[in-house]
Amino acid sequence: MNKEAMKQQILEALSKKLGDGFHITIQKVFKTNMELDGLLIMGEDEIIGPTIYLEPVYEALNSGTPVEQVVNRILQAYDSAKSESMDFDIEHLKDFDYAKDRLYVQLVNKHLNENMLQDVPHATFLDDFAIIVRCTIETSEDCDASFMVHDSHLNIWQTDNETVLSLAISNTLAKHDVDLIPLGQLIRETYPAFPMEHSSNCGLWFMSSKKRTYGAAAVLYDDVLKDFAEKHGSFYVIFSSVHEVLIKPSPDGSDIDILTRHNQDVNASALEKEEILGTKAYFYQKGRGFVL
């Protein structure tokens, strides 16, 4: 059975099972660096709802699992996701006065996310990146839930790209503290048993947010970069993942090709696809900024 036939079978079975009062669609869902088929089940007047990724569902149908059994699994996943979000104040997120203080930014690779960016408020940064906006649903010691802001949310909030981006950047700079520490120190703190000779004097610095989630946006803190350059001189910035960047002090940019190849090797061998951010190193010159 081809994918389009499976989609139709899933939609018809779900519609019959759920009845009226639900809007059921299958659409391309853009995660960072990825395009997936997502099933969205939305109740009336809901602003967001659980997304069920259909790749495992296709595999089940192809292997001969009856559609009724597959649909029951989908509804179990839907009910589970809904119950986990019951404590989230979803209704308030329709009110922009409430949501605007929960906005913050994430850095993504614009070349790997061209389709996603067609429906997402964003601004470009350097040659390779886009600044997008996320909205926090709930944050606690055990949970840090958020969603990517799309143009549809701007319509609900009755606002525009520039306003949302400006607020998100301001919130990020004001509320998300930056960690900028030697990489060797981070390794020793995280892995105390790691051999000292492998974690000292590596010449790299680790830069992220305190929470470490989507912390590569810390590179937008221009005052932090300027202060680092005053103390340590010019440096490379390696956009190692969406969660952090690495900084390597250097008097010139002569090693940029070597660091770029290393960045690409790490992308290919050590990162999940959705974590990839940069594909080349950048040089930040003291007194000048990023050299493009």
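The model is a predicted one. The side chain of lysine 7 meets that of glutamate 4 in a salt bridge, with N and O 3.3 Å apart. Glutamate 4, by contrast, is exposed, having a relative accessible area of 54%. Both residues belong to helix 1 (residues 3-18), where they are three residues apart, about one turn of the helix. An α-helix has 3.6 residues a turn, so residues three or four places apart point the same way.

Helix 1 is made of 16 residues, and the distance from its first C-alpha to its last is 22 Å, close to the 22 Å expected at 1.5 Å a residue. Its buried residues include Met6, Lys7, Ile10 and Leu14. These residues cover an arc of only 100° around the axis, which puts them on the same side of helix 1. The other side of helix 1 carries the exposed residues Glu4, Glu12 and Lys16.

Both ends of helix 1 have a local feature to point out. At the start, a side-chain oxygen of asparagine 2 comes within 3.2 Å of the backbone nitrogen of glutamate 4. Just after the helix, glycine 19 has a positive phi of about 75°.

## Other salt bridges

Side chains of opposite charge can pair when their charged atoms come close. The count of salt bridges comes to ten. One of them joins aspartate 37 to lysine 28, with the closest N and O atoms 3.4 Å apart. Aspartate 37 is buried, at 2% relative accessibility, while lysine 28 is partly exposed, with a relative accessible area of 45%.

Another salt bridge links lysine 210 and aspartate 179, whose closest N and O atoms are 2.9 Å apart. Lysine 210 sits in the loop between strand 9 (205-209) and helix 9 (222-232), and aspartate 179 in strand 8 (residues 178-182), so the pair ties together parts that are 31 residues apart in sequence. Aspartate 179 is buried, its relative accessible area being 13%. Elsewhere, salt bridges that share partners join Glu4, Lys7, Lys28 and Asp37 into one network.

## Helix 7

Helix 7 (residues 161-175) has 15 residues, which at 1.5 Å a residue should span 21 Å; the C-alpha atoms at its ends are 21 Å apart, in agreement with this. Val164, Leu165, Ala168, Asn171 and Thr172 are buried in helix 7. Seen down the axis, the buried residues of helix 7 fall within an arc of 135°, so they line one face of the helix.

The face of helix 7 turned away from its buried side holds the exposed residues Glu162 and Ala174. At the start of helix 7, a side-chain oxygen of aspartate 160 lies within 3.3 Å of the backbone nitrogen of glutamate 162.

## Strand 10 and its partners

Strand 10 (residues 235-241) is mostly covered, with seven of its seven residues buried. Strand 10 pairs with strand 11 (residues 244-249) in the antiparallel sense, over five bridges. The two strands form a hairpin with two residues between them. Within this pairing, serine 241 has glutamate 244 of strand 11 as its bridge partner.

Strand 10 also pairs with strand 12 (residues 282-285), again in the antiparallel sense, over three bridges. Here valine 237 stands opposite tyrosine 282 of strand 12.

Key. Residues are numbered from 1 along each chain as its sequence is written. This is a predicted model: local features need pLDDT of at least 70, side-chain atom pairs count only at pLDDT 80 or more; totals for chains, interfaces and linings use all residues. Side-chain values use heavy atoms; hydrogens and water are left out. Helices (H or I, at least four residues) and strands (E, at least two) are DSSP runs, numbered from the N terminus. The expected span of a helix is 1.5 Å times one less than its number of residues. Buried means under 20% relative accessible area, exposed over 50%, partly exposed in between (1.4 Å probe, protein chains only). The arc is that of the directions from the helix axis to the C-beta atoms. A polar contact is a pair of N or O atoms within 3.5 Å; within protein, one must be able to donate a hydrogen and the other to accept it, and residues adjacent in sequence count only if both atoms are side-chain atoms. A salt bridge is a side-chain nitrogen of Lys or Arg within 4 Å of a carboxyl oxygen of Asp or Glu. Two strands pair if DSSP finds at least two bridges between them.
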